Amino acid sequence: MAKLVDADGFRTYIRDGWGEWDSAIDLPAGTAEAAAAHRARLAQALPGKRIALAAGRAHVRSNDTFHEFRADSDFVWLTGCQVEGAVLVMSDEDTTLFVPVPSENHSVDFFGDADRSPFWIGAAAGPKEWGDALGITARPLEDLAHALRGRHPETLAAKGLDPLLDALTGSHSDELRTVLAELRRIKDDWEIDQLRQAVDASVKGFADVAMELGQAVRGGGERWLQGTFDRRARTEGNGPGYTSIVAAGPHAPVLHWTRCDGRVNEADLLLLDAGVEMNSLYTADVTRTFPVSGEFSAAQRQVYDLVHASHVAALAEVRPGNDYSAFHHTAMRVLAEGLHDWGLLPVSVDKALDPSGQHHRRYIVCGTGHFLGLDVHDCADARQEAYQQGILERGMALTVEPGLYFHPNDETLPPELRGIGVRIEDDLVVTSTGADILSDALPIEADDVAAWVRKQRSR
């Protein structure tokens, strides 16, 4: 069979008769101004350096299908642009965003490039549109090689995102990622507003899930609830900020239960860890654990109340000037004391809390919080002394999320506690006097949680 590309009639006829593509760019209000301020902070932190950073490329899922593209977080923080293949080059002299030019109707790529042509995937903005939208100099990606020619005192580039940039720079810098991570620890007002919107949308998603508990019990299971939240995330923003965890009954102690393929029973606790990522890519990260029926059993309530006590104590530690690790240590002490009172620790509380002990961590091997922002685990490239060993400052956004995870086959536990997992996670922003709990619209007190479930299920 002859190839379509070889048909002269097709190639001639498809070139003409096209109007303008609607390539308007819809950005959250304030994106351009925030990105410009972020670039100014980076330039101040790295004077005299040339910086090159790419948005990245979509990863192959299988054969000729790709995972949905998600731009590099540092790149988005500096530009507000989410175009696959785009590259930012900054120096003291100028800043330029290099953007792929959409295929024009007279080129073979117009009908031949199923991955990038507007004919196949819809209208796409080019350098002019992005330059106007972001108030930045924007040029075709084809000009990148020429722009990076010549000597420069030092070029800092992040490797591994784009083969083109890797080939043109030839080196990479851990310093760039570290500096960016530490700058991103402090959120400005625009970023905090994006996080607030993400949390508010997530609260709606949690209510959606609770309203669908009956259908999940009747046969939809965990996947019905996962789809319920993810639908809200796709409607309110870009989608889920990470793979949602919907863990019912004995799956709740499994920290990364992303399979979400189990049944949901009326007698279960449901652990829901999910967050909406806004179109700006700022994400929430919230967890609530609630009784499917709207009533806790005695054993479930016992575990829940201990986690709640540790959570409340930890929240009180989030304030400017305090050690970042203070909330973690406080949560761990409350949990260790409770586990000791239940006879579940083979040593004293002090021995368990000693760095050489840590016996209580059998039931909470994970951490109890992390920075939050463009990434669910934000600022991961920051130095330890600027993160876990650092000091809380106004504008930092983080989660507090203690829990207890009692696996169903853990023979150190009495039978009534096996298979119970509880986590409570809130999103906070450090203020000048304490912390603003962004997710406080969702209840955390056991009686309030149970009443909330009953209310949602009655709708």
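**Salt bridges in the predicted model**

R139 and D143 join side chains in a salt bridge, with N to O at 3.6 Å. The term means a side-chain nitrogen of Lys or Arg within 4 Å of a carboxyl oxygen of Asp or Glu. R139 is partly exposed, at 30% relative accessible area. D143 is partly exposed too, at 27%. Here buried means under 20% relative accessible area, exposed over 50%, and partly exposed in between (1.4 Å probe, protein chains only).

This is a predicted model, in which local features need pLDDT of at least 70, side-chain atom pairs count only at pLDDT 80 or more, and totals for chains, interfaces and linings use all residues. Residues are numbered from 1 along each chain as its sequence is written, and side-chain values use heavy atoms, leaving out hydrogens and water.

Now take E266 and R457. Their salt bridge has its closest N and O atoms 3.0 Å apart. E266 sits in the loop between strand 9 (245-248) and strand 10 (269-274), and R457 in helix 15 (residues 446-457), so the pair ties together parts 191 residues apart in sequence. Helices (H or I, at least four residues) and strands (E, at least two) are DSSP runs, numbered from the N terminus. E266 is partly exposed at 35% relative accessibility. R457 is partly exposed at 26%.

D426 and R288 form another salt bridge, with closest N and O atoms 2.7 Å apart. D426 belongs to strand 17 (residues 426-430) and R288 to strand 12 (residues 286-291), so this pair links parts 138 residues apart in sequence. Both residues, D426 and R288, are buried.

Salt bridges also form a network. It links D72, D74, R177, R184, K187, D375 and D378. The count of salt bridges comes to 30.
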